[in-house]
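Please go through the sequence and the model shown here, then read the notes on selected local features.

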Amino acid sequence: MGTQMVFKRYEMKYLISRSQKEKILQAMEPYMELDNHGRTIIRNLYYDTENYRLIRKSLEKPVYKEKLRVRSYRGVTAGDEVFVELKKKYKSVVYKRRVNLSNVQAMDYLGKKIEAPVHSQITEEIDYFLEYYENLAPRVFLSYDREAYYTKEPSEFRVTFDENILWRETDLSLEKGIYGEAILQPGQTLMEIKTPGSIPLWMVKVLSQEGIRKTSFSKYGKAYQALIKSEKGESRYA
């Protein structure tokens, strides 16, 4: 599997228990296997305006919404590869476009508003985004343990399991350690189904058997909601 840089798909989210996860993994075994990243800790920096314009709009559930983040699939130093990702959602369809840069290049590009070190249609879209939303800066660090699976047959159907979802508003760097406040309850897993079209019948069957229903869940949104409930957040946004 090569590194995918452009995505167009539906993303469905489910909060499941440990026992439900085991049932789903059993159902997946004949059809799916761990992808190249396998089990890893994903680190994200979410960019937003000073008054959190992007996530506030997103939580209103508009027809169209967008976000900007920097992501790494492992611990990084200044020269290690990261992904600058522009993610948009329109009428339930998710569009994600990303470019890989070194960590220092990504921080300089987004933070100092210097010219992109590579030139492409994707960086032009990111440039426009940076210009349109003024004063963008890292606002939340968000990490989680992920197991990612893809189908054994040629298909873009994917399933991920995220656990130990942590967020913080300090030490906003991918080079810092993994720590923060938990978003999920003990024993919970966030499962995401990512598909360009329909869900396989075997997956529909296990979801039905286990009584698992789709839910609306934004990791960054949950972090923001926790932030505004804090003493600092209430004084700023009450």
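## Basis of the values

This is a predicted model, in which local features need pLDDT of at least 70, side-chain atom pairs count only at pLDDT 80 or more, and totals for chains, interfaces and linings use all residues. Residues are numbered from 1 along each chain as its sequence is written, and side-chain values use heavy atoms, with hydrogens and water left out.

## Negative surface patch

Glu-115, Glu-124, Asp-127, Glu-131 and Glu-134 form a negative surface patch. Patch residues have over 30% relative accessible area and no salt bridge, and like charges are joined within 9 Å. A salt bridge here is a side-chain nitrogen of Lys or Arg within 4 Å of a carboxyl oxygen of Asp or Glu. Asp and Glu count as negative, and the charge is placed at CG of Asp or CD of Glu.

Glu-134 sits in the loop between helix H4 (121–132) and strand E6 (137–151). Helices (H or I, at least four residues) and strands (E, at least two) are DSSP runs, numbered from the N terminus. Glu-134 has a relative accessible area of 57%, so the residue is exposed. The classes are buried (under 20% relative accessible area), exposed (over 50%) and partly exposed in between, with a 1.4 Å probe and protein chains only.

## Aromatic rings

Nine aromatic pairs are found in a search of the whole structure. In the pair of Phe-129 and Tyr-133, the ring centres are 4.8 Å apart and the planes are at 50°, so this pair is tilted. Tyr-132 and Tyr-133 make an edge-to-face pair, with 4.9 Å centre to centre and 85° between the planes. Rings of Phe, Tyr and Trp (its six-membered ring) pair if their centres lie within 6.5 Å; planes under 30 degrees apart count as stacked, over 60 as edge-to-face and the rest as tilted.

Ring pairs join Tyr-128, Phe-129, Tyr-132 and Tyr-133 into a cluster. Which of these residues are buried, and which are partly exposed? Phe-129 is buried at 3% relative accessibility, and Tyr-133 is buried at 4%. Tyr-132, at 45%, is partly exposed.

## Positive phi in a loop

Most residues other than glycine have a negative phi. Lys-91 has a positive phi, near 50°, and the phi of Ser-92 is also positive, near 75°. Lys-91 lies in the loop between strand E4 (81–90) and strand E5 (93–102), and Ser-92 is found in the loop between E4 and E5.

Lys-91 is exposed, because its relative accessible area is 55%. Ser-92 has 45% relative accessibility and therefore counts as partly exposed.

Technical notes. Patch = residues over 30% accessible without salt bridge, like charges linked within 9 Å, V, L, I, M, F, W, Y side chains within 5 Å. Areas by Shrake-Rupley, 256 points an atom, 1.4 Å probe, with all protein chains shown as cover.
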